[in-house]
Amino acid sequence: MNPSPSSATVLCISLAGRPGTFGVRFHNHLYQQLGLDYYYKAMTTQDLPAAVAGIRALGIRGCGVSMPYKEACMALVDEVDPSALAIESVNTLVNTDGHLKAYNTDYLAVRQLLQRHQVDPGTAFALRGSGGMAKAVASALRDAGFANGTIVARNEQAGRHLADVCGYGWLPELGDLCPPMLVNVTPIGMAGGPEADQLAFSENAIAAAERVFDVVAMPARTPLILRAETLGVPVITGLEVIALQALEQFVLYTGVRPSDEQVAAAVAFAQGG
């Protein structure tokens with residue numbers, strides 16, 4: 001990162017309920033490698049409207065938005081990109097001379113990963129979760145042609161709404177169902193959380209799956225991913241999601257697209273945090 005930020009240094013931040021180190025290390029590493037006078041810092045807040053107003057007033061260039069702020073940000077910006085508007089969930093704010101535009105690079109990352117892993121759109125799936133990130137993932141699946149899906153969410157109102165919007169079914173629990181693809185978009189398995197050591201799906205469902213997709217990025221290999229790997233089930237990890245979405249944020253903030261080698265080095269560096 002820039003060892004001596006000055007009055008000319010461009011500031012970017014992130015807002016998260018539990019700030020992590022990945023984004024800080026990823027962005028600052030790339031700033032240094034590319035010679036950009038930028039600096040990135042992770043933050044949290046108890047007053048989201050005031051925080052967003054501060055981004056505008058202080059000229060903060062960009063802001064990554066994580067749980068639990070993804071949906072509440074919608075009403076606080078001047079413009080919403082189609083990537084966020086269609087799913088009513090934000091993960092990126094870009095400030096251009098006081099004009100705040102919201103994006104959702106989570107959605108873009110998931111679309112890319114489904115193509116990269118060559119997942120057949122005919123694959124039936126169960127997606128556990130109903131929050132802002134779940135909206136991004138479910139919408140990406142829908143728009144990629146995945147028609148046979150079930151939203152699994154204990155919150156019936158949110159779960160049914162997401163299922164209805166995307167044209168999927170809803171269940172409060174997966175029960176004995178064993179769909180070919182399992183997708184976790186909850187904090188289950190997240191390091192430091194109350195369910196850090198738990199599996200998002202049953203052992204039977206994991207063993208029967210043809211693919212497991214866990215959006216949790218910290219740790220890179222969650223209990224769900226570890227169990228799937230042990231059983232020989234192909235996986236898509238949250239680390240892949242966070243790396244791709246962070247890259248797209250970086251491009252939005254700076255206008256510069258790093259090489260694949262530079263991105264790989266930044267991801268490796270970020271994991272070291």
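Let me start with a definition: buried means under 20% relative accessible area, exposed means over 50%, and partly exposed lies in between, using a 1.4 Å probe and protein chains only. Keep that in mind for the whole talk.

What we have here is a predicted model: local features need pLDDT of at least 70, side-chain atom pairs count only at pLDDT 80 or more, and totals for chains, interfaces and linings use all residues. Residues are numbered from 1 along each chain as its sequence is written, and side-chain values use heavy atoms, with hydrogens and water left out.

Let's go inside. A nonpolar core is a set of buried Ala, Val, Leu, Ile, Met, Phe, Trp, Tyr and Cys residues, joined through side-chain atoms within 4.5 Å. The largest one has 32 residues. Which of them touch the most other members? They are Leu127, Val137, Leu141, Phe146, Ile151 and Val185. Several elements give two or more residues to this core, including helix H4 (105–116), helix H5 (132–143) and helix H9 (238–254). Helix H5 gives the largest share, 7 residues. As for the naming, helices (H or I, at least four residues) and strands (E, at least two) are DSSP runs, numbered from the N terminus.

Take Leu141. Contact means heavy atoms within 4.5 Å. Set aside its neighbours within four places in sequence, and Leu141 is in contact with Leu114, Phe125, Leu127, Phe146, Tyr168 and Met181.

Next, the backbone. Most residues other than glycine have a negative phi, and most peptide bonds are trans. Now look at the exceptions here. The bond from Met67 to Pro68 is cis, with omega near 5 degrees. Pro68 sits in the loop between strand E3 (62–65) and strand E4 (79–80). Met218 and Pro219 are also joined by a cis peptide bond, with omega about 5 degrees. Find Pro219 in the loop between strand E11 (211–214) and helix H8 (223–230).

Then phi. Gln118 is not a glycine, yet its phi is positive, near 55 degrees. Gln118 lies in the loop between H4 and E7. Is Gln118 buried or exposed? Gln118 is exposed, at 70% relative accessible area. Glu88 has a positive phi too, about 55 degrees. Its place is the loop between helix H3 (82–85) and strand E5 (92–96).

Last topic: charges. Side chains of opposite charge can pair when their charged atoms come close. A salt bridge is a side-chain nitrogen of Lys or Arg within 4 Å of a carboxyl oxygen of Asp or Glu. How many salt bridges does the structure hold? The count is 12.

One of them pairs Asp78 with Arg56, with the closest N and O atoms 2.5 Å apart. This pair links distant parts of the chain, 22 residues apart: Asp78 is in the loop between E3 and E4, and Arg56 is in helix H2 (48–58).

Glu88 comes back here. Its side chain meets Lys135 in a salt bridge, 3.9 Å from N to O. Glu88 is partly exposed at 44%, whereas Lys135 is buried at 11%.

Finally, Arg160 bridges to Glu156, at 2.7 Å between the closest N and O atoms. Both are in helix H6, 4 residues apart, so about one helical turn separates them. Arg160 is partly exposed at 41% relative accessible area, and Glu156 is partly exposed at 40%. Salt bridges that share partners also join Glu71, Glu88 and Lys135 into one network.
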